[in-house]
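Please read them alongside the coordinates.

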Amino acid sequence: MAQKKALILVDLQNDFCTGGKLAVPQGEDVIRLANELQDYFDVIVATQDWHPKGHTSFADNHPEFTVGDTIMINGMTQVLWPAHCIQGSEGAEFHPHLKLHEGVSIFQKGIEEKIDSYSAFFDNAHLRATGLGDYLRGQHVKEVYIMGLATDYCVKYSSLDAAHLGFTVYVIEDACSGVELFQGDIARAFAEMRAAGVKIISSQDVVKASQ
């Protein structure tokens, strides 16, 4: 069976784009590339943050703290965010300019109230798998290409988990945008990914490789 390549579109949702509850700078700018790059892959997956209203990552649920604070919850560090991507809300929907190909598989994450899930593959404590790893293996995928929002959180942790699971991992740098909660977060994220064996490429590299 021939090995396949998969494109993982990470959290291209309204709340992470301009006007959203947790807007990533220039977040919607990657939508065009998401639409174009799908043509070059055998398997396409889109992830979706899908939080309950009482999610532990929401600053509103910790009145003594504010957005951007880092606290300990159940022995794990947790950055507090504005309430975002609440299940069934407009903010949790995919950006209206995103044109998903027919047959794209959608994997929701962050669905457990008491623990966050940056990665497309596991929650932050690696207690629950989303099923994405098994799905990709079932599709005979060996190489995964990751793009989306945000570079320094969900893209980073998805790529690290994919590498840990044994996939060959590429992150498409110009098809990602980061939060940069602290100066240097994006650069540190790329350094961490490279150290784990993740290959950082451009969208043009994808196009050239298919020619």
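**Notes on the sheet, a helix and the cysteines**

1. In this predicted model, helix 3, which spans residues 151–164, lies across strand 1 (4–10), strand 5, strand 6 (141–149) and strand 7, and it runs at about 170° to strand 6.

2. The sheet that includes these strands is open and is formed by 6 strands in the order 5-2-1-6-7-8, with parallel pairing. Its edges are strand 5 (105–109) and strand 8 (199–201), each of which pairs on one side only, and the twist from one strand to the next averages 25°.

3. Returning to helix 3, Ser158 lies within it and counts as buried because its relative accessibility is 0%, where the cut-off is under 20%. Leaving aside residues up to four places away in sequence, Ser158 touches Val10, Tyr118, Ser119, Ala120, Phe121 and Ile146.

4. As for the cysteines, a search of the whole structure finds 0 disulfides. Cys17 is in no disulfide, the nearest cysteine sulfur being that of Cys85 at 9.4 Å, and Cys17 is buried, with a relative accessible area of 1%. Cys176 is likewise in no disulfide, since the nearest cysteine sulfur, that of Cys154, is 11 Å away and the cut-off is within 2.5 Å; at 11% relative accessibility, Cys176 also counts as buried.

Definitions and conventions:
Residues numbered from 1 in each chain as written. Predicted model: local features only at pLDDT ≥ 70, side-chain atom pairs only at ≥ 80, totals over all residues. Heavy atoms only, no water. Pairing = 2+ DSSP bridges. Helix = DSSP H or I, 4+ residues; strand = E, 2+ residues; numbered from the N terminus. Axes fitted to C-alpha atoms, helices over the stretch in contact; angles between N-to-C directions. Contact = heavy atoms within 4.5 Å. Buried < 20%, exposed > 50% of the residue type's maximum accessible area, 1.4 Å probe, protein only.
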